[in-house]
Each structure stands twice: as structure tokens, then as C-alpha cells.
Amino acid sequence: MCMKKFKGINELRRIMSFMRPRMLKYSIGVIGNNLSAALGLNIVMAFIYKDMVNSAVNRDITLLVKSIIIALVTLTIASFICTSLTYMYNKCIRYTMTEIRQKTFFHMECLPINQFERRHSGDTLSRMTNDLNNIEYIYADGISGMLYAIIVGVSAAISMFALNWKIALYTIGLGIITFYINTCFANSFRNINDKIQQGYGKMTELISDLFSGIQLIKLFHLEDLILKKYNKSNDNIKDLIVVRTRKYAVLDSINSIIGGLSFIGIVIIGGMMALKKNTDFGTVMAFIKLQGNISFMFFQAGSLITEFQRVLAGASRLFELLDEPIESQIENMHSQSIGSNAIEMRNVVFQYSSEKVVLNNFNISVPINQKVALVGSSGCGKSTIIKILLGFYTVNNGSIEVCGKSINSYTLPELRNLMSYVPQDTYLFDGTIEENIRYGKRNASQQDVIEAAIAANAHEFILNQPEGYNTQIGERGARLSGGQRQRIAIARAFLKNAPILLLDEATSSLDSESENQVQIALESLMRGRTVIVIAHRLSTIENADKIYVVAKGKIVECGKHEELINNGGLYKKLHELQFKNIAV
Ligand SMILES: Nc1ncnc2c1ncn2[C@@H]1O[C@H](COP(=O)(O)OP(=O)(O)OP(=O)(O)O)[C@@H](O)[C@H]1O
């Protein structure tokens with residue numbers, strides 16, 4: 001049987017669960033509105049129709065006036081009720097959709113970093129916009145349309161049985177066939193809609209790549225290649241929609257043929273009855289109207305099920321996001337201190353996925369207020385250490401202490417409050433310079449913001465901007481130079497004033513003037529704090545209290561700059577390599 005494996009029932013249940021807080025109002029609105037529309041504007045009208053035809057046939061003016069008055073009163077009352085109740089349930093829909101958006105956004109904020117790395121931002125964007133917005137269809141047209149069809153159809157069927165049960169059986173029989181055929185198509189529509197929604201997700205990925213990589217596209221003349229990918233994705237959606245349209249066309253023709261058969265049958269049966277004087281002409285007209293309503297119910301219910309499948313395909317993609325587990329931290333029962341260092345990592349083992357161990361029995365100690373540098377070749381695991389300390393990932397084995405306590409004994413906000421992180425590629429939000437600095441401490445006074453900017457060597461360039469601290473910096477701070485963005489990030493860290501500073505040096509991408517400005521700001525930020533710096537230029541860490549050299553996820557050397565040079569190991573090699581590159 002086609003109905004036995006109706007896909008999407010769980011998604012439908014879940015969509016309705018969002019409406020729970022205002023279910024009563026929504027139900028009254030939808031049911032009341034459809035009852036008055038279906039009964040007032042349809043069924044009563046069928047009977048009035050009958051009286052009007054009979055009054056014309058029998059030249060009965062009193063019956064005509066009576067039916068006109070009833071029609072006017074019914075129409076006025078039903079329209080008034082419908083408008084008020086439509087407003088009522090639409091308000092419920094607005095509030096519920098707003099809540100779903102809030103919930104989704106908040107959930108995304110709470111997801112661990114690796115979930116963001118797993119999926120393309122374009123695809124996520126498509127789920128959070130297209131797929132989410134489509135849910136509104138269920139609340140508005142879907143449920144309401146289905147209810148309207150059922151009320152109109154059932155009340156028409158009852159009225160028809162009251163008038164003539166044989167005609168009623170004939171019409172309902174054909175209606176059931178229509179409904180059955182429509183539901184047979186439902187799962188195949190769902191499968192195709194799943195593919196179309198995935199296709200839209202892929203297309204949004206390509207659009208998002210166009211924005212993020214436009215410079216690269218132009219630089220390497222990738223226009224053709226990217227366009228080809230876009231066209232492929234676009235064509236794929238077109239092909240799927242053509243297939244869906246073809247199926248719709250087949251279904252529509254079947255529906256129309258059955259609708260036609262139903263109508264012709266009524267005309268023949270009703271006409272013969274009228275000729276044999278078994279019924280009056282008005283009743284035959286009422287039959288025709290009621291038959292339309294019954295056919296409408298089965299047709300509408302069937303086509304709504306296929307339309308539901310389009311929306312539910314998107315909803316299931318949204319629910320996939322909402323079902324991803326949020327960032328969590330397992331409370332460590334043995335959080336007793338094992339040292340007085342600001343940071344201590346012991347025998348840490350970590351891997352992103354099952355294939356490759358990134359940190360393998362990794363050990364470092366960072367005493368309070370000391371500056372420790374991590375060096376090593378690309379991909380050896382330096383940034384991973386920072387991500388672990390920030391609580392973005394949990395380790396597979398070993399222990400980590402921060403300020404004398406196990407990392408697991410902190411909540412994530414507590415842990416992150418202890419640290420400022422200045423990454424290589426600073427992210428700035430669209431907004432003003434002041435807003436961007438203030439993210440370091442949201443309740444900071446304007447004076448605090450200015451002082452942080454002065455300390456970060458940024459005050460002067462900020463004052464030279466068209467609107468000073470109120471200057472809009474554009475998406476990702478596009479209207480600022482790399483060095484300026486970096487100094488705003490440093491000002492943010494000053495304002496946060498955390499005792500531990502994690503620094504991923506970004507000096508390599510800056511010119512010497514900018515590098516100098518940023519270096520001055522960083523030196524000042526590092527003063528009086530515990531610092532872990534990932535050094536890309538070894539010249540900047542010659543004065544570090546300790547340098548750890550990382551290779552293959554392990555510490556292979558450690559000491560001060562001179563000691564490591566004298567040891568003649570990996571550090572010396574890296575140093576010579578860099579020196580040679582600069583000399584060239
Ligand atoms: N999100 C991730 N998922 C899976 N593997 C990752 C992820 N991030 C990094 N890696 C892998 O982990 C290893 C260490 O990467 P990491 O970014 O820590 O290196 P790094 O020393 O900071 O390199 P670089 O100096 O080039 O920035 C690399 O082999 C990298 O491919």
C-alpha cells in the first residue's frame with residue numbers, strides 16, 4: 001500500500017512541536033477560519049444556490065428574496081470571522097518562525113568548531129535560510145489548506161448523503177481513487193525534493209566561494225572553471241525540477257480526468273433523476289456544487305501531501321543541524337592540582353579523526369608570566385595546541401592544567417575568560433571600529449576602549465579614519481589594512497585583559513612598517529602576562545623564556561635561543577633555513 005511508508009511524519013511532528021506554546025490559539029484560528037470559510041462560504045452557499053435556481057424555475061420571488069438575504073448575511077458574518085481568525089493564527093506563525101530562527105542561530109553558536117569545519121558554510125547557510133523559511137508553508141498553507149479541504153469535503157459528503165446516497169457513494173468512490181493515486185506519488189516526490197534541496201545547498205556553497213575567493217578567482221583566471229561548476233550544479237537542479245514537473249503533469253492529468261468523470265457522472269445521474277421527476281432541478285445544481293467540493297477535498301489532500309514532501313525534505317536538513325551535539329565538557333572528578341604553572345600539558349595525545357595522531361605524548365610547562373614559544377615546521381601541530389587550550393577540542397589522552405586546575409574543571413566560558421587569543425588572520429565583524437574593540441569586554445566604557453587602542457598602537461590611525469572610532473570597517477574589516485586589523489585585534493585583547501595570551505604570529509604577511517607597529521603593540525600586550533606564541537619568524541622569539549621545538553606531534557628540543565643554537569639540532573636548522581631565505 002502506498003501510504004504505509006509515508007516519509008516525513010517525524011519531521012511533521014517536530015515542526016508542530018515548535019507551535020506547542022501557542023497551540024490553542026493557532027488551532028482555534030486555523031480550525032475556526034476554515035470552518036467558517038468551508039461551511040459559510042461553501043456548503044451554505046450550495047443550499048442557497050439550490051433555492052435560487054428553484055425560485056427562478058418556479059418564479060417564486062419570496063424564495064429568491066429570502067435566499068439573497070441569507071446569502072448576504074452568511075457572507076458578511078463568515079468574512080468577518082475568517083479575517084479575524086486568519087490574523088490570529090498568522091500571528092502565531094510569525095512568533096513561532098521567529099523562535100525557530102532564534103533557536104537555530106543559538107544552536108549554531110553553541111556547536112563545536114569541528115562541526116563548522118565538517119560542512120561548507122554555503123550549505124549551512126542554505127539550511128538556515130531556504131530550508132528554514134520553507135517550514136512556514138506547513139503552518140500557513142499546508143495545515144490550513146488540508147483542514148479546509150477536509151471540512152469542505154466531509155461536510156459536502158454529509159450534505160450529499162442527505163440529498164442522495166447513491167450519488168454520494170459514486171462521488172466519494174472516485175475521490176478515494178484520486179487520493180490514493182496522489183499518495184502513491186508522494187514518496188517519489190519526497191526523494192526528488194531531497195535531491196533538489198541538496199542541489200540548492202551545493203549551489204549556495206559555490207556562491208559563497210565566489211564571494212570569499214573572488215580575488216583568487218581573478219588572479220588565477222578561474223572564472224571559467226568556477227562557472228562550469230556553477231552551471232553543472234544549476235543544470236542538475238534544472239534536470240531534477242523538470243523530472244518533478246513531468247511527474248506533476250502526469251498527476252494533474254489523472255486528477256483532471258477523474259474530476260471530469262465525477263462531474264459528468266453527476267450530470268448524467270442527476271439529469272436522469274430530474275427528468276424522471278425524482279428530484280428538482282435546484283437539487284441537481286446543488287449536487288454539482290457539492291461534487292466539486294468532494295473532488296476538491298481528495299485532490300487537494302493528495303497534492304498537499306506531495307507539497308508537504310518538498311518542505312519536509314528541507315526541514316530534515318535543518319533538523320540535521322539542530323541534532324548535532326553542542327559543545328560540552330565532561331567534568332573531571334580528579335581536578336586536584338599537580339603544579340603551579342599557568343599551563344601544563346602532560347602526555348597529551350590528540351587526533352582530529354581516527355586516521356592520524358597529531359599530538360603524541362606531548363608535554364609542555366608554561367610558568368606564570370613567562371613567554372614560551374612554539375616552533376616547528378608547517379603541519380607539526382602548533383595551532384592544534386592553541387585550539388585545545390581554548391577548549392575547541394578535547395584530547396584523547398593525557399592531562400592539561402590551566403592556572404593550577406584541570407582544564408576539565410572549568411566551564412568553557414570560564415576557561416576562555418582566562419585567555420586572549422590573537423590569531424594570524426584576525427576576524428573583524430561588519431560594524432564600527434569601536435564595536436569591534438568592545439567585543440573584548442562588552443561593558444567597557446568609551447574611555448577604556450580608547451585606552452586599549454592607545455596601548456595597541458592603534459589610536460592614531462583610528463583618529464585618521466573618516467569617522468574615527470565610529471568608522472564602518474566593512475565585511476571582515478575589508479576597509480582596513482592587514483596591520484590595522486591586527487592592531488584592532490590587539491586592542492580587543494588589551495580590553496579583555498586576560499592573564500594568558502595565545503598568539504599566532506601574523507607578521508609574515510605585513511610590510512616592515514606595519515610589522516614594526518604591530519610588534520610594538522604585541523610587546524606591550526605581552527608584558528605581565530603568560531604567553532604562548534607560535535612563532536613563524538624566529539627573530540621575534542629570541543628573547544622568549546623558553547622555546548619548544550615541535551616535530552611530529554612531540555617536543556624534540558627545548559631551551560633558550562642560544563642554548564638551542566649551540567645544541568645544533570632542529571632549531572638551528574630552522575634558524576639557518578630562515579636566515580638563508582631572508583638573505584636570498
Ligand atoms: N580541523 C582539522 N581536521 C583534521 N585535521 C586537521 C585539522 N586541522 C589541522 N589538521 C591537521 O593536523 C595537523 C596539525 O595542524 P596544525 O594546524 O596544528 O599545524 P601547524 O603546526 O599549526 O601548521 P602551520 O605552521 O602551517 O600553521 C596537520 O597535519 C593538519 O593537516
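Averaged over the protein chain of this predicted model, pLDDT comes to 86, and 94% of the residues reach 70 or more. The scores for the model are ipTM 0.96 and pTM 0.76. A stretch that calls for caution is residues 330-338, where pLDDT stays under 50 and where the model has 14 contacts beyond four places in sequence. Where pLDDT is low, the predicted coordinates should not be read in detail.

The protein chain is divided into two parts, domain 1 covering residues 23-322 and domain 2 covering residues 343-583, and the C-alpha centres of domain 1 and domain 2 are 56 Å apart.

An open sheet is formed by 4 strands, which follow one another in the order β2-β1-β4-β5 with antiparallel pairing. Its edge strands, β2 (359-366) and β5 (405-406), each pair on one side only. Strands of a sheet pair through backbone hydrogen bonds, either parallel or antiparallel. In the case of β1 (residues 343-350) and β2, the antiparallel pairing extends over 5 bridges, and Glu344 stands opposite Ser365 in β2.

Which residues are around the ligand? They are Glu117, Tyr352, Ser353, Val358, Gly376, Ser378, Gly379, Cys380, Gly381, Lys382, Ser383 and Thr384.

How values were computed: Residues are numbered from 1 along each chain as its sequence is written. This is a predicted model: local features need pLDDT of at least 70, side-chain atom pairs count only at pLDDT 80 or more; totals for chains, interfaces and linings use all residues. Two strands pair if DSSP finds at least two bridges between them. Helices (H or I, at least four residues) and strands (E, at least two) are DSSP runs, numbered from the N terminus. Domain bounds come from an automatic or database domain assignment. A residue is near a molecule or strand if its C-beta atom, placed from the backbone, lies within 6 Å of it. pLDDT is the predictor's confidence in each residue, from 0 to 100. Two residues are in contact if their C-beta atoms, placed from the backbone, lie within 7 Å.
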